[in-house]
Amino acid sequence: MILDDRDAIVRVTLASICTSDLHIKHGSVPRAVPGITVGHEMVGIVEKVGPAVLSVRPGDRVTVNVETFCGHCFFCQHGWVNNCIDPNGGWALGCRIDGGQAEYVRVPYADQSLDRIPDPVTDRQALFVGDILATGYWAAQISDISPDDTVLIIGAGPTGICTLQCVLLKSPKRVIVCEREEQRLQFLHRYYPQVLATTPEKALDYVRRNSDHGGADVVLEVAGGAETFRMAWQCARPNGTVAVVALYDGPQQLPLPEMYGKNLTFKTGGVDGCSCAEILKLIKEGMLDTTPLITHTFPLEEIEAAYDLFEHRRDNVIKVAIEIGEKS
Ligand SMILES: [Zn+2]
Ligand SMILES: [Zn+2]
């Protein structure tokens, strides 16, 4: 139901499960409203729009942005939409208001929150645009990567791979990925043979040996593990940049005496998801392709099985797609 003139109702055709949904399920997202319909990764078809919506029309195939935002406040004007001051701004969908693991979803600020999917781009190609691909794109944007850089990405999970794809668009001299799990390393070798890979135990030494100035010029921390924040700043060269993309389960230490003199720049998460149109264009041009991440597909009726598989990482799952309604 349209509640505001700027709302749209979207009939969801394809959705996914994000690790953040698991965090909500386990009660570790304090601002999540109990009983909410989760789901913030989805694509669909616009069913209805409020009278003030200008950019989309019923029948349009669209991606839904993880962050809804007003477009007018100080933060939105700067592109910092994660911090939109509007009550429905920032990450609201599937957290504070009902999300998209359902047949229909109400999307506030449709003009900012929905992007039309270009015709040749399929729903499966567009599925991650609004969330994990937006995150990877944002992470690569804020990291100031230049062509001479050695970039270290910590974590080759779904968001790590999206980040890797966006980092590769910046053509740095060298990319190293640190990942613990064998299955993910195999995926990495198969799809990104040009990328160097290491494991957490070997990372510090490996990065020092495979970089030009005693460490990575840029580190993107996407893993959010118990030791990965430490690894991130230790692997950075002096005067390097550490971008924290990960969401941690607990506080991290910033041991300033140990860091003294290293003169690092830290950038902290989370995503300002307002580049969906650019990302869709890159997909259309063949520059980004996240379809290999979709390892399993379930109908909405079997979403519990999908959660079970995803949460317990069975059967080499990376991401699941949830098909909703008749197949399109
Ligand atoms: Zn997510
Ligand atoms: Zn705003």
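Predicted model: local features only at pLDDT ≥ 70, side-chain atom pairs only at ≥ 80, totals over all residues.

Me: Which exposed residues does the face of α11 turned away from its buried side carry?
Reply: The buried residues of helix α11, which spans residues 276–284, are Cys-276, Ile-279, Leu-280, Leu-282 and Ile-283. They lie on the same side of α11 because they cover an arc of only 160° around the axis. The face turned away from that buried side carries the exposed residues Lys-281 and Lys-284.

Me: Against which elements do the buried residues of α11 pack?
Reply: The residues concerned include Cys-276 and Ile-283, both buried in α11. The packing partners of the buried residues are two strands and two helices by their labels: β3 (61–64), β5 (114–116), α4 (123–126) and α5 (132–142).

Me: Which residue just after α11 takes a positive phi?
Reply: Helix α11 covers residues 276–284. Just after α11, a positive phi of about 80° is found at Gly-286.

Me: What arrangement do the four donor atoms around the zinc ion (ligand 2) make?
Reply: This zinc ion is coordinated at 2.3 to 2.4 Å by the SG atoms of Cys-70, Cys-73, Cys-76 and Cys-84. Along the chain, these donors follow the spacing C-x2-C-x2-C-x7-C. Four donors count as tetrahedral if all angles lie between 85 and 135 degrees. The angles here are 103 to 118°, and therefore the arrangement is tetrahedral.

Me: Is Cys-76 buried or exposed?
Reply: A residue is buried if its relative accessible area is under 20%. For Cys-76 the relative accessible area is 9%, so Cys-76 is buried.

Me: How many disulfides does a search of the whole structure find?
Reply: A disulfide is a covalent bond between the sulfur atoms of two cysteines. For the search, the two sulfur atoms must lie within 2.5 Å. The number of disulfides found in the whole structure is zero.

Me: How many residues apart in sequence are the parts that His-40 and Asp-131 tie together?
Reply: His-40 lies in the loop between α1 (19–25) and β2 (42–49), whereas Asp-131 lies in the loop between α4 and α5. Both His-40 and Asp-131 are buried. The pair therefore ties together parts whose separation in sequence is 91 residues.

How values were computed. Residues numbered from 1 in each chain as written. Chains lettered and ligands numbered in written order. Heavy atoms only, no water. Buried < 20%, exposed > 50% of the residue type's maximum accessible area, 1.4 Å probe, protein only. Helix = DSSP H or I, 4+ residues; strand = E, 2+ residues; numbered from the N terminus. Arc of directions from axis to C-beta. Contact = heavy atoms within 4.5 Å. Donors = N, O, S within 2.8 Å, 3.2 Å for Na, K, Ca; no water. Tetrahedral: all angles 85-135°; square planar, octahedral: opposite > 155°, others 65-115°.
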